[in-house]
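Student: Hi! I have a new structure to look at and could use a hand. Can we go through it together?
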Amino acid sequence: MLSIKNLHASVEGKEILKGINLEIKAGEVHAIMGPNGSGKSTLSQVLAGNEAFEVTEGEITLNGENLLELETEERAREGIFLAFQYPVEIPGVSNLQFLRTSVNAMRQHKGQDEMNAAEFMKLAKEISKQVDLDPAFLKRGVNEGFSGGEKKRNEIMQALLLQPKLAILDETDSGLDIDALKVVSDGVNALRAEDRAILMVTHYQRLLNHIVPDYVHVLAGGKIIKSGGRELALELEERGYGWLGLKDEETADSSATSSAN
Amino acid sequence: MATTDQEVNELIKREYEHGFVTDIESDTFEPGLNEDVIARLSGIKKEPEWMLEWRLKAYRRWLEMDEPDWAHVGYPKIDYNSISYYSAPKRKEDMPQSLDEVDPELLKTYEKLGIPLHEREKLAGVAVDAVFDSVSVATTFKEPLAKAGVIFCSISEAIRDYPELVQKYLGTVVPHGDNFFAGLNSAVFSDGTFVYVPKGVRCPMELSTYFRINAANTGQFERTLIIADEGSYVSYLEGCTAPMRDENQLHAAVVELVALDDAQIKYSTVQNWYPGDEEGKGGIFNFVTKRGAAIGKNSKISWTQVETGSAVTWKYPSCILRGENSVGEFYSVALTNNYQQADTGTKMIHLGKNTSSTIISKGISAGKSSNAYRGLVKFGPGAEGARNFTQCDSLLIGDRCGAHTFPYIESKNKSAIVEHEATTSKVSDEQMFLCRQRGIDPEQAVSMIVNGFCKEVFKELPMEFAVEAGKLLEVSLEGSVG
């Protein structure tokens, strides 16, 4: 489904990604792990088309289509979803309005009719329950005054609502307590489907206890230096990134209370 | 809400949608201004002698006045002798007796603008006075309003039919010598709207005036006077548009509001004069004096304005809070794009005891435009226990526009309380990325973010117009992303 070949990307002239190769098939869940500053978040931003990053070499295709030729919103409509690590606030714009605009933009792209306010409200309420969000939050401004946990749940709720082909979860576990982590993980597991791929970017292995990946990749210095199965994450947990000859003051422990922030 | 890609493209390309010209025969004065011109204008309108005298007095005063230069705007010098001060569609009678007698071309014009005037198609629940260039061409719902005792007519009619009321209040809130543009207006105003709501009456429907400039090289100088007698309530809305022309045109209006004891006036404006083209060519100079006097105790005057049009805007809808416990409100959204310039805000003059005022101003600048908030909050010696709250937010789109805030506070009373909050923010790349990542078109994302920014003001608009205002912002912002 997603194919990344020799991807190089830089920000403000500084190269962050230095030749990423990655193949993700439909139905698979991949985890990208790595120490801080390894380029994990950059990879997710580049996939989603953030213009702050410049792709200098390589290619990204989604089901054979060249993603690099598509604008951010076009990639989104093609089914790329990014759950943000730090979702930004949009004051005065209600969640409901934002979500409905988003859903309708996608529906329109697929040639489906727009959902009216009442239909959408019903759907949004159902899905908000799935991630344990009080439906009252729909009336609040986008991410306005949300707690860290609410923001993350809101991101997952949006993934459930939009049903993307590829969901990229950027540090979705950071800043969550164990209960919230459970709710978010349940949400992500509900997303797992044969026709959908999930790419999880995380510093910690603890998330992978809840969402078991098919493949684990270690990203360091802008390259994938090791790939393996579920056992690779466990090994990292046990031995830390130092085991791979990487410097990182934090280790990939599974402590539920630690945070990547 | 959402649109197809094709529609979006059309939207981006779409120009000012009210820019058409109505082909109609007009009686138009030669350009130029002198006492004879004023006498001729007064004569055409069959005005009583006192009105002409009033105009001439204003004119003589105006000649001694200087055009204000303190606003944060720049525009070429206006030659007041190159403007025509009167232009009216030709007709047999001086005033249309009924809608059937109104030129069909004019009716079509208003229909095109979304303001059907015909009985069967009239806007439900909204009475409209339609002003075309220098004259009022039609006023709807006059009869049901008259039943309630509400007078809603053109100011020309009011001068003839209700001289006592007009003489008692005209110029009491905005006197001749108030400022240069008000002085000019007092001398040459050609039409406008008059409203009187009698004691204890809650006006049964929204009242509105739709101003349309059509003729070239003319100025529009309308005068509006609204009087809310004791315990009455009225909500009034004005809208305005003009054709696209390369020359600038002057619009210098005066609005006076008078609220007696326990009366309330809610005055909303959706201003969409032609703003000029992308290079800043053409557009309306909107130099307007709007002021309300809350002279009665417990009276309330509320201004809501959505300003998206005009090349240059100079406008400060104000409240003089004379009555005890009187309340003044100013809610404003001012959006500038391309080369538009706006210097707008309000004055809250607290004279009476326990008077209170609220100012919420939202300025949005895009393109290479300049947007200034200018506000005065003043407490006189008698304003015991008076208070003001001001919130003044600016939003920048892109990095070539400017936002400025000029707040003035003067207090001669120690018990007065004033709070002032101001913020400046940008539509951030992060906000845009979030929206676009969710499949939302960039233009739509900006308009959504801006609408969110303006929410506090839009909720003050009458329902029907809040939707319009949102759409108007969307159109005005076109091309601001890129």
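Student: How many residues does the contact take from chain A and from chain B?
Tutor: This is a predicted model, and in it the contact takes 34 residues from chain A and 24 residues from chain B. Together the two chains bury about 2400 Å², with 60% of that on carbon and sulfur atoms.

Student: And how many salt bridges are found across the interface?
Tutor: The rule finds five of them between chain A and chain B. One example joins the side chains of A:E71 and B:R436, at 3.0 Å from N to O. There are also 12 residue pairs in polar contact between the chains.

Student: Which element of chain A gives the most to the side that touches chain B?
Tutor: That's α3(A), with eight residues.

Student: New topic: which residues touch the most other members in the largest nonpolar core?
Tutor: That core has 107 residues, and among those touching the most other members are A:L2, A:F98, A:M157 and B:V450. Its largest share, nine residues, comes from helix α10 of chain B, residues 442-458. There is also a second, separate core of 49 residues, including B:L52 and B:Y316.

Student: What is A:M157 in contact with, leaving aside neighbours within four places in sequence?
Tutor: Its partners include A:L99, A:I127, A:V131 and A:F137.

Student: Last one: what does the predictor give the complex for ipTM and pTM?
Tutor: The ipTM is 0.92 and the pTM is 0.82. Chain B averages a pLDDT of 86, and 90% of its residues score at least 70. Over residues 1-14 of chain B, though, pLDDT stays under 50.

Conventions
Residues numbered from 1 in each chain as written. Chains lettered and ligands numbered in written order. Predicted model: local features only at pLDDT ≥ 70, side-chain atom pairs only at ≥ 80, totals over all residues. Heavy atoms only, no water. Core = buried A, V, L, I, M, F, W, Y, C linked by side-chain atoms within 4.5 Å. Buried < 20%, exposed > 50% of the residue type's maximum accessible area, 1.4 Å probe, protein only. Helix = DSSP H or I, 4+ residues; strand = E, 2+ residues; numbered from the N terminus. Contact = heavy atoms within 4.5 Å. pLDDT = per-residue confidence, 0-100. Buried area = accessible area lost by both parts, 1.4 Å probe. Salt bridge = Lys/Arg side-chain N within 4 Å of Asp/Glu carboxyl O. Polar contact = N/O pair within 3.5 Å; in protein donor to acceptor, adjacent residues only side chain to side chain.
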